[in-house]
Amino acid sequence: MRPLGPMPPIPILSGLSEIAHRHDALICDVWGVLHNGREPYLAAVEACRRFRAECGPVILLTNAPRPVSDLEEMFVRIGVPLDSYDAIITSGVAAREDLALRVQGAGRTLNMLHLGPERDRGVFEGLNVACVDVAAAEIVLCTGLFDDESETPDDYARTFAEMKARALTVLCANPDIVVQRGDKLIYCAGALAEAYEKIGGNVIYYGKPHPPIYQATLAAARKAAGREIRQPLVIGDGADTDIKGANLMGIDAVFITDGVHAAQFGQLRAEGLAQLFAAPEVHPKAAMRALVW
């Protein structure tokens, strides 16, 4: 925990190269940093390549509720080169690992309510689970909204009330509240989980900002580098996920303003950053508009 009191001004970088060589691994967010869900940010991709060549491994860390193969298929589709990173860690994989242990512990088919679109079902593919309705569910896996283009968390009020009445635990495979898709912000599983908690429901989160996902990411960085990692750097656009998670782990972080918080930054100024990061436990070392070298 940082000491209470005024936070020092947050430096604004013109490029990652200003600080890259002080660090030996890069932990980089995906949505809002490397792409917007539809188009790649090629300057960010090049920055990752340069870091890999000159400084150390690049590990992508995302709260995507999907297996790694799904992300790489998306990268190919939208044009994110696969040679810009060493490994990908997803919250979906972490959720799957816990779900698999629960299935193993049950010793039988586990009845599960899946809140989320069909495209996310890869996260539990091959596990001995049966997708059922609220009345038959023993547990809930939340990967997002059924239709995130038109629905909001308010549309789930009745479902949440039924879940709460049955004391169902929600496994939240994506703690993000919103994410970029093109020029829009789309609700994520974290928004549903937050709404369920507000009525007293029990939620278990996987992914950023929770330390276990960072520990897995650092392990992947050590494996890729073949050595200890002493000065990693986090890059991300989420104040309450990327930056908070880095702070919890004692890792330096650079905040990207042209992501989920873009509407708050017409122009990148230190004053706006000071307002966003007033809390001492959520504070980046530096900021830049977009990831560039």
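Two strands pair if DSSP finds at least two bridges between them, and the strands (E, at least two residues) and helices (H or I, at least four) are DSSP runs, numbered from the N terminus. In this predicted model, local features need pLDDT of at least 70 and side-chain atom pairs count only at pLDDT 80 or more, while totals for chains, interfaces and linings use all residues. Residues are numbered from 1 along each chain as its sequence is written, and side-chain values use heavy atoms, with hydrogens and water left out.

Four bridges join β4 (residues 110-115) to β6 (residues 139-142), and these two strands run parallel; Met112 stands opposite Ile139 in β6. Both strands belong to an open sheet of five strands in the order β5-β4-β6-β7-β10, with parallel pairing. Its edge strands, each pairing on one side only, are β5 (129-131) and β10 (202-205), and the twist averages 35° from one strand to the next. Helix α3 (residues 91-106) packs on the sheet, touching β4, β5, β6, β7 (169-172) and β10, and its direction makes about 155° with that of β4; such angles run from 0 to 180 degrees between N-to-C directions, with axes fitted to C-alpha atoms, for helices over the stretch in contact.

## The largest nonpolar core

A nonpolar core is a set of buried Ala, Val, Leu, Ile, Met, Phe, Trp, Tyr and Cys residues joined through side-chain atoms within 4.5 Å, where buried means under 20% relative accessible area, exposed over 50%, and partly exposed in between (1.4 Å probe, protein chains only). The largest such core has 37 residues, and those with the most contacts inside it include Leu16, Leu26 and Ile235. Among the elements that give it two or more residues are β1 (25-28), α1 (42-54) and β11 (232-236), and the largest share, five residues, comes from α1.

Leaving aside neighbours within four places in sequence, Leu26 is in contact (heavy atoms within 4.5 Å) with Leu16, Cys48, Phe51, Pro57, Val58, Ile59, Leu233 and Ile235.

## An aromatic cluster

Rings of Phe, Tyr and Trp (its six-membered ring) pair if their centres lie within 6.5 Å, and planes under 30 degrees apart count as stacked, over 60 as edge-to-face and the rest as tilted. Phe146 and Tyr156 form a stacked pair, 5.9 Å centre to centre with 25° between the planes. Phe146 is partly exposed, with a relative accessible area of 44%, whereas Tyr156 is buried, at 3%.

The rings of Phe160 and Tyr196 have centres 5.7 Å apart and planes at 45°, so this pair is tilted. Phe160 and Tyr196 are both buried, and Phe146, Tyr156, Phe160 and Tyr196 form one aromatic cluster.
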